[in-house]
Each structure stands twice: as structure tokens, then as C-alpha cells.
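Trainee: I am new to this structure. Can you show me how to read its features?
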Amino acid sequence: MGFFDTILFPIKWVVAHIMVAAHNLFTFIGMDPSGGWSWLLSIVALVVVIRIILIPLFVRQIKAQRMMQVVQPEIQKLQKKYKGKTDPASRQAMQQEMMAIYKENGTSPFASCLPLIAQMPIFFSLFRVLNALGPISDPNSGADPIGPLDQATAKMAESSEIFGASLSSTFLGSENIEVKIVTAVLVVLMCATMLFQQKHLTQKNMPASALDNPMARQQKMLMYVLPLVFAVSGVSFPIGVLLYWTTSNLWSMGQQFWVIHNSPTPGSPAAIALEERRARRRARRGQPVLEDDAGTLVIEEAPEQRVSGQRQQPKRKDRAKKSPGETAQPVAPAEPEKSSPAAESDASAGPLEDAAPPAKKPGSTQAAARKSSAASGKKPPKKK
């Protein structure tokens, strides 16, 4: 066992245990134990287990990417401050101030690479396990088993095939045309999924302001360089390793799609699409959607409807509410309606006529005098 295998032996032991346990499970449900599909699904199960373990690192990666977007204005100001200064002292001072900004905001440019860095030991361990299938299955090689991967199990995995290609075969190490076709297809799928994943992240989950800086341009360059590197080196990987990496890329795409769809970076195209979906959803529920001056969607809550048997009385909108302790103000009398001059003169003359005594009829005075004299016993005076 070499130095490299000695360092990776604990991870190789875990990888072998997961693969053999998954293979036993698929065999238990009725799959062929020596078939290639049971071992292929064992590698898929290995990917699922590893990616579930790496979920905390993935969450940390998302937070680091968000904070990198937040500190971009400060980084741009710092770059403008040291623009044109190429001396070593200025370059060192700029790097120190930049690292201070990252440390203050709890992020780092390398935090977005944590899941990839954490998977590299597993990637190489699976590579070494698949390469060891042949020596372990040969009783004359003297190779030691790796955990539960003993001679019988290794021989069964070595003899399993998918479309005529074994899991431990490589493009350069085999003359079989089926091996070359399967390897080429997996290399193309691996590179295509990697490119699509990075491009989807850049176009959907990054605001336009974050795309115009040196770090974004460097990330865009790596988006095309990494698939090219894996395309060149993929011809030396076993089919099982190519299958692992392709499955891991598909997992990352699904995980990334869920995050971008439900919790995108503020200001990104995905965030705008999320606000539009929420607006349409609330509009279907009968809640009106308003748009403020800044162009962002604002949802107006629908008023709560009263459910009661009593009829609600209408209220005037301009009536001010009386504050506590305020006394009621007397209501001013309504102004009289304007009338014509003739009507005004009649109205002014009316009270005078009512105040004057009524006119007496002729003879009424004499009759009153006779009645008063008769009551007193005197005769009324005669007319001359």
C-alpha cells in the first residue's frame, strides 16, 4: 500500500461499506447481484449519502455567495482606490484591506468551493476502490480487502457490465468499442452538466451589478475552463468514477434549482421572477397587487370581512374621529335659502301686521258700551 492509499484508507473504507450495503439492499429486493445495474445503483446511492452529509457545507456555500454579493460595492471602491498603483506595498495593502472586508462580513472567495473541495477526497477514494477491484479479486495478487469488499464481492463487481462495459474500465485502458462509447457519453454528460450548473447559477442568481467586476469575470472564465479540464482528464477515469461525478452534478443542479427558485439572491433575475410568481398567486386569492415608485411589487392585504347578521351602517369618509377627552362641538345651523326681494319684503312686513291690533267692525263699539252700561244699571247716552 502506497503513501497515497494510506492517507485515503479511512475514506476508502467508508466508500466500500456504503457501496456494499447498497448492493446488498438492491439484491434483497430482487436485482441480480452480479449485474451491472445493481452496482451502478450502488454508486448512485453513494452519491446520495455523500451529498446529504455535505448539505451543511452547501448551505454555507449559499450564504458565502450572498455575502460576496453584499460586499461587492466595497470591493469596487477599494479597487478604484488602488487603481493604477502597481508597487508591491500598494498591492499588499489592497489585499490586506480586502481580506479585512471579507472577515468583517464573514465570507471568503473560497467558501463557494467548499462542496467541491470536500468531495475531492471521496472522488479519489472511489477512484482507488474501483482500481483495486481487479487486484482484490485475483487470489494471486496478494491485495488486501477494503472493509467488506473482499475477494468474492470484488470479483462480482469486476465482472458486472453496463452496455458491455465494466465499472472499472477506462477509455484509454481498453480496446473494447463498448467501453469507449460508454466512457465518451459519460464524459460529455459530466462536462455538460457542470457547464449548465455554473451558467445557470451565473445568469439566474446573480444581479447585473455583480457581473461587472474582476471576480465575476474570473468565475465566468472558470465556468468554461473546468469542463474542458474534466473533458481532457475524463478519458483516464473509470466508468464508475465518471458515473459518480455525473450523478453528483445532477444532484447539484437539482439542489441549486430549488434554492434559486425559492430563495434567490436579492436583485437577481430569479428574485424578480419569484416576486412575480408571488404576485400572481396572491392575485388569484383576491388580494390586490400594487407597484410602488421603486418598481418593486407590494402586496396590499385584503380587508377582513365581518360576518354577522346585523346590517352595517354606512359612514361618511370625511368624518373625523373624536379623540379621547374631546367634547362634542355644537352643530352650526343650516343657512337659510336665498329668496327674491318681493319675498323678503313680505317676510319683513309680516311681523308688523301681526303686532298691530285687528281692525274693528262698525257697531261693535256701541254694542260693547250698551253691554257695559246694562251691567252697571246706567242707560247709554243717546245720540244727538
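Mentor: Start with exposure. A residue counts as buried under 20% relative accessible area, as exposed over 50%, and as partly exposed in between. This model is predicted. Take F163: its relative accessibility is 64%, so F163 counts as exposed.

Trainee: Where is F163 in the fold?

Mentor: F163 sits in the loop between β1 and β2. Its backbone deserves a look too. Phi of F163 is near 55°, a positive value in a residue other than glycine.

Trainee: How many aromatic pairs does a search of the whole structure find?

Mentor: The search finds six aromatic pairs. One of them joins W37 and F163. To read a pair, check the ring centres, then the angle between planes. Planes over 60 degrees apart count as edge-to-face. The W37 and F163 rings have centres 5.8 Å apart and planes at 85°, so this pair is edge-to-face.

Trainee: Which parts of the chain does the pair of W37 and F163 link?

Mentor: Distant ones. W37 is in helix α2 (residues 36-53), while F163 is in the loop between β1 (161-162) and β2 (165-166). The two residues are 126 residues apart. W37 has a relative accessible area of 48%, so W37 is partly exposed.

Trainee: Are the rings of F230 and W245 stacked or edge-to-face?

Mentor: Use the angle again. Planes under 30 degrees apart count as stacked. For F230 and W245 the planes are at 20° and the centres 5.4 Å apart, so the pair is stacked. F230 belongs to helix α10 (residues 214-233) and W245 to helix α11 (residues 239-262), so the pair ties together parts 15 residues apart in sequence.

Trainee: Are F230 and W245 buried or exposed?

Mentor: Both F230 and W245 are buried. They also belong to a cluster linked by ring pairs.

Trainee: Now charges. Which residues gather in a patch of positive charge on the surface?

Mentor: Four arginines: R280, R281, R284 and R285. Look at R280 in helix α12 (residues 269-284). Its relative accessible area is 47%, so R280 is partly exposed.

Trainee: One last reading. What separates the C-alpha atoms of E178 and S166?

Mentor: Compare sequence with space. E178 and S166 are twelve residues apart along the chain, and their C-alpha atoms are separated by 9.6 Å. E178 is found in helix α9 (residues 177-204). With a relative accessible area of 33%, E178 is partly exposed.

How values were computed
Residues are numbered from 1 along each chain as its sequence is written. This is a predicted model: local features need pLDDT of at least 70, side-chain atom pairs count only at pLDDT 80 or more; totals for chains, interfaces and linings use all residues. Side-chain values use heavy atoms; hydrogens and water are left out. Patches are made of residues with over 30% relative accessible area and no salt bridge: like charges are joined within 9 Å, nonpolar side chains (Val, Leu, Ile, Met, Phe, Trp, Tyr) within 5 Å. Accessible areas come from the Shrake-Rupley method with a 1.4 Å probe; for residues, only the protein chains shown count as cover. A salt bridge is a side-chain nitrogen of Lys or Arg within 4 Å of a carboxyl oxygen of Asp or Glu. Lys and Arg count as positive and Asp and Glu as negative; His and the chain ends are not counted. The place of a charge is taken as NZ of Lys, CZ of Arg, CG of Asp or CD of Glu. Helices (H or I, at least four residues) and strands (E, at least two) are DSSP runs, numbered from the N terminus. Buried means under 20% relative accessible area, exposed over 50%, partly exposed in between (1.4 Å probe, protein chains only). Rings of Phe, Tyr and Trp (its six-membered ring) pair if their centres lie within 6.5 Å; planes under 30 degrees apart count as stacked, over 60 as edge-to-face and the rest as tilted.
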